[in-house]
Amino acid sequence: MGRQTIKTKDLTKIGYHNDVSRSVAIALVMRHFKHIAKEEILEMLSFVKDSPDEYINDEKLGPLASTFVTKVKAKSFKSYELLEEPSLYKIFGGKDIDGNAKRQMDLAMRLPITIQGALMPDAHTGYGLPVGGVLAADNAVIPYAVGVDIGCRMALSVFDLSEKYLQMNAYHLKKALGEFTHFGMDGGLAFAQEHEILDRNEFQNTDLLKKLHGKAVKQLGSSGGGNHFVEFGLLELCPDNILDLPEGKYLAILSHSGSRGLGAEIAKHYMKIAMDTCKLPKEAQHLAWLSLESAVGQEYWESMNLAGDYASACHDRIHYNLAKAIGEKPIARVENHHNFAWEEWQNDQKVIVHRKGATPASKGALGIIPGNMISPGFLVVGKGNSDSLNSASHGAGRRLSRGGARETFTMSSLKKQLSSAGVTLLGGTVEETPQAYKDIEKVMAAQHSLVDVHGKFFPKIVRMNKE
């Protein structure tokens with residue numbers, strides 16, 4: 001496994017304009033973080049730049065943080081203590097959930113604002129809340145529990161085209177994915193995108209959103225890195241399905257991505273404010289919250305919802321561009337999101353429900369739960385289980401970290417596996433190899449009380465980012 005290469009130009013893009021900071025950053029990466037994905041390293045370095053006082057005493061990152069601290073600022077904040085013991089919460093599929101994820105959830109359940117929690121069967125260690133964690137809070141929102149990729153979502157378009165169409169037009173579909181999608185942290189599609197989201201008044205409401213409008217214009221209709229994808233495949237519908245379509249197989253487009261740079265910048269900005277104004281014991285500081293009775297809490301809430309709508313707009317453009325490329329119109333569309341906070345009622349109490357990598361599954365709600373590159377995804381309908389806070393998994397969930405996958409598997413073995421499964425991959429990395437994920441069938445079995453299955457989606461031509 002080779003070392004991650006962080007170059008000066010990479011650091012300049014995220015605001016490292018000081019030679020000393022750049023030199024220290026490169027040295028730290030080579031010494032401590034060489035097995036972490038480049039995108040994650042740059043995100044971490046961005047956090048250090050934006051919030052150096054939060055890292056000044058960190059054993060590894062302290063020297064870098066000190067290059068950004070010019071003076072001590074007086075800050076107005078309030079300190080809170082954690083509950084001595086975590087409140088009880090429901091765990092679904094607990095045997096296949098790692099101990100670190102459970103400990104992260106235990107910590108969240110000790111917050112004084114926590115009302116209820118649940119852990120989905122795809123849960124694994126994350127930042128702040130574990131991925132697959134659901135947390136109901138009292139009139140407060142936790143930016144880190146929403147996450148950096150605000151409003152990340154799944155979207156499915158179904159076409160009245162058969163399996164034979166896919167087989168006979170595979171080349172054309174590959175070409176469409178190559179020409180009408182864009183992946184990665186930078187840039188966007190080569191042709192202009194239009195959507196009413198760009199005219200939203202919220203973009204004029206804060207200095208931050210004004211500054212981010214240009215980036216939103218440029219990145220509209222594009223996708224991120226990591227496990228984000230756009231793919232053509234076959235949707236196999238069950239009898240009497242929620243889409244009210246005849247049982248059988250249909251060509252479909254499935255996409256997974258979020259709010260791009262807009263959501264990431266909103267997240268970083270308000271995470272810093274939350275951690276500066278809501279002081280918690282060190283181990284829980286990333287779970288700092290913003291009261292929704294405060295002006296800044298309302299600012300974040302409005303910005304978060306804008307980012308969620310922007311993520312939806314990106315999927316609108318992805319699906320419109322691909323449908324136009326194949327000369328067809330969809331006969332059905334399904335969409336759901338995660339990495340978000342909702343105002344909901346639970347047990348006759350209004351709460352703020354954070355779903356960090358969890359699918360909304362209220363009674364009758366449609367959703368898509370993907371597997372991996374070769375395993376099926378599932379078209380589901382929520383059952384409205386209050387123990388899960390009306391939630392379900394958002395995928396299969398990682399079994400191995402990205403670094404673990406890079407150290408364990410090779411692109412050669414991945415390509416052989418995809419070939420055997422009849423799946424074509426455009427781009428992609430070994431980090432997303434199927435064995436890096438849990439068994440989606442086990443995950444679905446562990447949440448039979450949360451959702452009903454109405455169909456399965458089988459990936460055939462997959463487009464992902466290639467670093």
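K268 and E265 form a salt bridge, their closest N and O atoms being 3.2 Å apart; a salt bridge is a side-chain nitrogen of Lys or Arg within 4 Å of a carboxyl oxygen of Asp or Glu. The model is predicted: local features need pLDDT of at least 70 and side-chain atom pairs count only at pLDDT 80 or more, while totals for chains, interfaces and linings use all residues. Residues are numbered from 1 along each chain as its sequence is written, and side-chain values use heavy atoms, with hydrogens and water left out.

**Helix α11**

- K268 and E265 both lie in α11 (residues 260-277), three residues apart, about one turn of the helix; helices are DSSP runs of H or I with at least four residues, and strands are runs of E with at least two, numbered from the N terminus.
- K268 is buried, with a relative accessible area of 13%, whereas E265 is partly exposed at 21%; buried means under 20% relative accessible area, exposed over 50%, and partly exposed in between (1.4 Å probe, protein chains only).
- D276 and K272 also meet in a salt bridge (2.9 Å, N to O).
- D276 is buried at 8%, and K272 is partly exposed at 23%.

**Salt bridges elsewhere**

- The structure holds 22 salt bridges.
- E432 forms one with R398, the closest N and O atoms being 3.2 Å apart.
- E432 lies in the loop between β18 (424-426) and α15 (440-445) and R398 in the loop between β17 (391-393) and α13 (402-408), so the pair ties together parts 34 residues apart in sequence.
- Both E432 and R398 are buried.
- A network of salt bridges links E40, R398, R402, R406, E431 and E432.
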